Amino acid sequence: MMNFHLPSAQIVEPNWLARLSPEVAPDLVGCILVRQFSDGTLLRGMIVETEAYGPNDPACHAYRRRTQRNGAMFGPAGRTYVYLIYGVYYCLNIVTDQEDIGSAVLIRALQLQSIPSWVEPHEGAKQHRVAAGPGKLCKVLQINLTLNDQVLQPGQPLWLEHRPPQFIPNLIQTTRIGLSKGADLPWRWYLKDCSAVSKV
DNA sequence: TCTAAGATGGCA
DNA sequence: GCCATCTTAGAA
């Protein structure tokens, strides 16, 4: 009733994410990832590239069994799964499907709504690519292990907003990047002709 | 306990 | 094309 006339973002709810990861991954392209820092500052970016990981998928961190690292993947949909890769970078996933099913969608690239002040000016013309890659986007959004297994909802450090219904993304579906196992599955999606994807 | 490999990214 | 860097998981 109240505020019905105001433009309000449609928040992505856990139920919407409680589907098979290869169904959720393309639907997340075009959605907005919102980062709220401890001082209240907001940073928004459109998801332009995703990958799905799920059961019976040898590339999935949860493929063999539940471990301390991958525990969040077995939790309910709508939470985060953050892990450290190569001892250097963090990667952000959105947990999908039912509880006890180890599955998630890796967020591989964002197109930022604005460039935060802490991005070095020398990035210059490449500023549109500061979140073009799973490690890069975690760096610019200041995502680390403290954001692992966190609920995605407004007021938390991270949440998701639906893409506008009139925006129909032009999606390319192809194989995932950087894998030695499960490399044949076409479970990567990205926005066609988008300069902010990790790799064309 | 030991070790190979990794859902990366930057630089030559 | 090469490699820094270090955690993790699986093997022994």
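Guide: Four elements each supply at least two residues of the surface near DNA strand B: strand E3 (80-85), strand E4 (89-95), strand E5 (104-112) and helix H3 (134-140). Helices (H or I, at least four residues) and strands (E, at least two) are DSSP runs, numbered from the N terminus. H3 gives the most, with three residues. "Near" means that a residue has a heavy atom within 4 Å of the strand.

This is a predicted model; local features need pLDDT of at least 70, side-chain atom pairs count only at pLDDT 80 or more, and totals for chains, interfaces and linings use all residues. Residues are numbered from 1 along each chain as its sequence is written, chains are lettered from A and ligands numbered from 1 in the order in which they are written, and side-chain values use heavy atoms, with hydrogens and water left out.

Around DNA strand B there are 20 residues, of which His61, Tyr83, Asn93, Gly135 and Ser180 come nearest. Sugar and phosphate make up 53% of the atoms of DNA strand B within 4 Å of the protein.

Now the polar contacts (pairs of N or O atoms within 3.5 Å; within protein, one must be able to donate a hydrogen and the other to accept it, and residues adjacent in sequence count only if both atoms are side-chain atoms). The side chain of Asn93 places an N or O atom 2.4 Å from a base nitrogen of DNA strand B. Ser180 reaches a phosphate oxygen of DNA strand B with a polar side-chain atom, at 2.5 Å. Lys136 uses a polar backbone atom, 3.0 Å from a phosphate oxygen of DNA strand B.
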